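Here are my notes on the model you sent.

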Amino acid sequence: MEKRRLKPEKIFTSEMTASFKQYCKEFSLFYLRIQDDPFTTTTKFTHKKPFDAVAWAMCDDGCEYTTKVVALEYKAVNGEKRWPLSSVKPHQISGLSKAFYAGAEAYIMVNFRGLEGPVKTRAVLLTLETYLKWQSLGKKSVTWKEMFEYSGEVYWLERVKLESGGYGWDVSGLFSGIHGLDDVMSAVYSPELKKLNEKKEVE
């Protein structure tokens with residue numbers, strides 16, 4: 001029997017889970033994959049998860065240790081295809097938005113696999129605010145090459161070899177202060193997101 005090939009999104013999700021697990025061992029980092037509620041005899045429909053995963057850690061902001069929470073949604077496309085923004089479903093946008101307004105940082109990670117050229121796979125991280133801005137501008141899809149046009153709004157993840165074997169992604173930049181890294185994610189924040197953060201602080 002022919003072995004069924006895994007979908008790109010499942011492969012990427014597994015890579016991200018393995019990547020976070022490695023950093024959990026090294027630092028005070030916690031990671032949880034969120035599962036859909038299974039069918040039961042008392043319900044007709046599966047409760048859809050709000051996003052794929054959540055990670056949190058104690059971070060040093062220069063004055064004191066604070067808890068940083070990150071909500072994550074994983075997406076992937078195979079080959080030199082465009083990534084459709086519609087792949088992020090309404091309930092996922094809602095889930096990420098609720099997490100953001102509750103004080104978490106909300107991100108969408110997109111993996112482009114099976115690319116032409118020497119680099120076969122790339123992963124990019126964008127804020128929920130950037131995604132919503134693209135939607136409001138009428139953008140329907142984007143290629144990995146077009147992502148470079150938004151260097152101030154997206155962050156490219158570095159491909160790394162994992163201690164457990166295989167390859168994953170460097171996610172350490174999401175949690176600055178854990179091991180003396182500069183806050184590389186500050187470059188990701190769009191002006192609109194900064195305004196929302198300031199608004200939350202005032203409220």
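**Core, central strand and a pocket**

1. The largest nonpolar core of this predicted model has 28 residues, and W83, I108, F112, L126, Y131, W134 and M147 touch the most other members. A nonpolar core here is a set of buried Ala, Val, Leu, Ile, Met, Phe, Trp, Tyr and Cys residues joined through side-chain atoms within 4.5 Å. Buried means under 20% relative accessible area (1.4 Å probe, protein chains only). At least two core residues come from each of β3 (65–78), α2 (90–101), β5, β6, α3 (128–136) and α4 (144–147). Helices (H or I, at least four residues) and strands (E, at least two) are DSSP runs, numbered from the N terminus.

2. Why call strand β5 (residues 105–113) largely enclosed by the rest of the structure? Because 9 of its 9 residues are buried. One side carries E105, Y107, M109, N111 and R113; the other carries A106, I108, V110 and F112. In a regular strand, side chains alternate between the two faces of the sheet.

3. β5 pairs with β6 (residues 122–127) in the antiparallel sense, over 6 bridges. Pairing requires at least two DSSP bridges between the strands. I108 stands opposite L126 in β6. Beyond its neighbours within four places in sequence, I108 has contacts (heavy atoms within 4.5 Å) that include E73, W83, L96 and Y131.

4. By class, the lining of the second largest pocket has 1 nonpolar, 3 polar and 8 charged residues. α1 (8–26) gives the most, with 4 residues.

5. Numbering runs from 1 along each chain as its sequence is written, and side-chain values use heavy atoms, without hydrogens or water. Local features need pLDDT of at least 70 and side-chain atom pairs 80 or more, while totals for chains, interfaces and linings use all residues.

Technical notes. Buried < 20%, exposed > 50% of the residue type's maximum accessible area, 1.4 Å probe, protein only. Nonpolar A, V, L, I, M, F, W, Y, C, P; charged D, E, K, R; others polar.
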